[in-house]
Amino acid sequence: MSAMPAPALVDRRAVWAALAEVPDPEIPAVSVVDLGIVHRVDVGPDAIRVEILPTFVGCPAVEMMRSAIEERLVGFARRIEVDVTFAVPWTSDRITPEGRRRLADSGFGPPLPANDPAAPINLGRALACPYCGSRRTVMENAFGPTLCRSIYYCTDCRQPFEQFKTV
Amino acid sequence: MTTIRASLATAVDPALRNGLAELLRSLADDEFVIGFADSEWTGIAPILEEDVAMSSIAQDELGHARAFYGLLGDLVGEDPDHLAYDRPPESFRHCRLVDHARGDWAFTMARRYLYDTADSVRLNALAESSYAPLAELVAKIRREERYHLLHVDAWLRRLATAEGEPRDRLVRSLETLGPDATTVFTPLPDEKALVKSGILPTPMAALRDRWMDGLAPVFAELDLPMPPRDADLARGREDHSDAFRWLYGEFTSVRRLDPEATW
């Protein structure tokens with residue numbers, strides 16, 4: 001009896017490490033893993049299936065993230081499948097501590113914890129300026145240049161900044 | 001995008017399929033039409049911050065519409081873009097409330113207030129739907145709609161408590177829209193079966209009453225005219241206006257230039 005060659009085992013950790021190199025198309029300093037949009041990764045003998053959660057339902061970057069993930073995983077398996085799911089809602093609490101740090105380093109206010117699930121919103125809370133750390137900031141607009149951000153202004157360093165929505 | 005949902009969609013009892021499709025179509029068309037109408041403010045809103053806000057809100061609504069068309073597409077085996085752009089105008093099932101032209105700023109805010117609060121009551125019920133793909137999507141949408149509600153609540157109060165023209169325009173708009181307000185809750189063709197199966201956890205008439213109960217204290221506080229409880233439900237999601245036919249011409253114009261184009 002001749003032995004069939006066993007399919008090469010794909011290392012799950014290597015797949016996750018590769019995903020951690022896929023940047024968010026709008027804020028490249030943050031990876032899709034740090035943003036918390038990777039819901040699950042199924043590694044099979046000849047296919048890898050990744051499920052991602054959109055940060056906002058209407059996020060136009062979702063298709064770019066899908067194809068970037070597919071491209072990055074080429075070579076790990078014969079078939080790469082990336083599906084969008086709403087199985088659990090993406091919330092800003094899914095952003096990792098590393099992701100928060102990188103957001104702040106890029107000039108974005110990281111979201112506050114969405115500690116009240118009935119009212120997941122930043123309003124009325126003192127937010128720190130990502131440039132000088134002052135909490136004397138005011139909201140200019142609950143809506144911003146992308147669906148996931150609001151516009152704030154720091155009255156100390158007089159710098160407008162974009163604040164990730166708590167959602 | 002469709003693998004998981006498509007498998008769930010095929011598991012739907014065939015007797016419920018049409019009713020569920022009508023529910024999804026009404027949700028998608030409502031969001032699509034109001035999203036498109038509100039996107040017209042891009043570039044011409046009264047102040048720059050509202051230009052940003054309305055553009056963002058409109059984009060949210062179009063995103064919600066796309067997701068609802070996605071669920072509908074999984075169920076009936078059609079492409080979401082085809083559902084959004086290739087149907088004749090008379091097959092749209094959006095409610096009369098969103099069928100009006102956008103009007104002036106007060107009119108847009110009046111309509112957004114009536115629609116967002118009504119939609120919120122509807123979404124709260126659908127979050128408990130027995131059709132898992134719908135319940136999951138609605139759980140996500142509800143978190144985003146919080147921002148819309150806060151935005152429009154601030155505008156309603158600002159216009160209602162201003163003296164003179166702003167308040168007059170708001171009141172006139174609410175009087176024009178009032179008779180169509182409860183068309184959001186137009187009963188669905190197969191509603192009994194949808195309620196029994198838990199796909200629609202609460203009948204539309206009960207949701208309407210829940211919405212009116214929530215609206216009454218706010219409108220009493222601001223001395224605004226309450227919409228009548230009963231709308232002309234025979235026209236609730238049909239009989240569209242010339243304003244809609246104009247909007248339809250706008251939102252299908254690029255698609256019609258080259259229906260086969262790949263974007």
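Trainee: Where does helix α1 of chain A lie, and at what angle to β1(A) does it run?

Mentor: First, the terms. Helices (H or I, at least four residues) and strands (E, at least two) are DSSP runs, numbered from the N terminus. Axes are lines fitted to C-alpha atoms, for helices over the stretch in contact, and angles run from 0 to 180 degrees between N-to-C directions. Two residues are in contact if their C-beta atoms, placed from the backbone, lie within 7 Å. Now the case. Helix α1, residues 12–19 of chain A, lies across β1 and β2 of chain A. Its direction is at about 140 degrees to β1(A). Helix α2 (residues 62–73) of chain A lies across β2 and β3 of chain A, at about 160 degrees to β3(A).

Trainee: What kind of model is this, and how are residues and chains labelled?

Mentor: This is a predicted model: local features need pLDDT of at least 70, side-chain atom pairs count only at pLDDT 80 or more, and totals for chains, interfaces and linings use all residues. Residues are numbered from 1 along each chain as its sequence is written, while chains are lettered from A and ligands numbered from 1 in the order in which they are written. The pLDDT is the predictor's confidence in each residue, from 0 to 100. Chain B has a mean pLDDT of 94, with 97% of its residues at 70 or more. The model scores ipTM 0.86 and pTM 0.92.

Trainee: How do I read a sheet, and what is the strand order of the one with 3 strands?

Mentor: Strands of a sheet pair through backbone hydrogen bonds, either parallel or antiparallel. Two strands count as paired if DSSP finds at least two bridges between them. Here the open sheet of 3 strands in chain A runs β1-β2-β3, with mixed pairing. Its edge strands are β1 (38–43) and β3 (79–84) of chain A, and each pairs on one side only. Neighbouring strands of this sheet are turned by 15 degrees against each other on average, direction ignored. Strand β2 (residues 47–52) of chain A and β3(A) are parallel, with 6 bridges. Look at E51(A): its bridge partner in β3(A) is D83(A).

Trainee: Which strands form the edges of the open sheet of 4 strands?

Mentor: That sheet of chain A has the order β4-β7-β6-β5, again with mixed pairing. The edges are β4 (108–109) and β5 (137–141) of chain A. Strand β5(A) runs antiparallel to β6 (residues 149–154) of chain A, joined by 4 bridges. T137(A) stands opposite C154(A) in β6(A).

Trainee: How is chain A divided into domains?

Mentor: Domain bounds come from an automatic or database domain assignment. Chain A has domain 1 (12–84) and domain 2 (106–164). Their C-alpha centres lie 27 Å apart. Still, 7 residues of domain 1 of chain A are in contact with 5 residues of domain 2 of chain A.

Trainee: How many residues of chain B are in contact with chain A?

Mentor: 26 residues of chain B are in contact with 21 residues of chain A. On the side of chain B that touches chain A, α3(B) gives the most, with 12 residues.

Trainee: Is V254(B) buried or exposed?

Mentor: Count C-beta atoms, placed from the backbone, within 10 Å of the residue's own: 20 or more others means buried, 12 or fewer exposed, and in between partly exposed. V254(B) has 11, so V254(B) is exposed. This residue lies in helix α11 (residues 253–257) of chain B.
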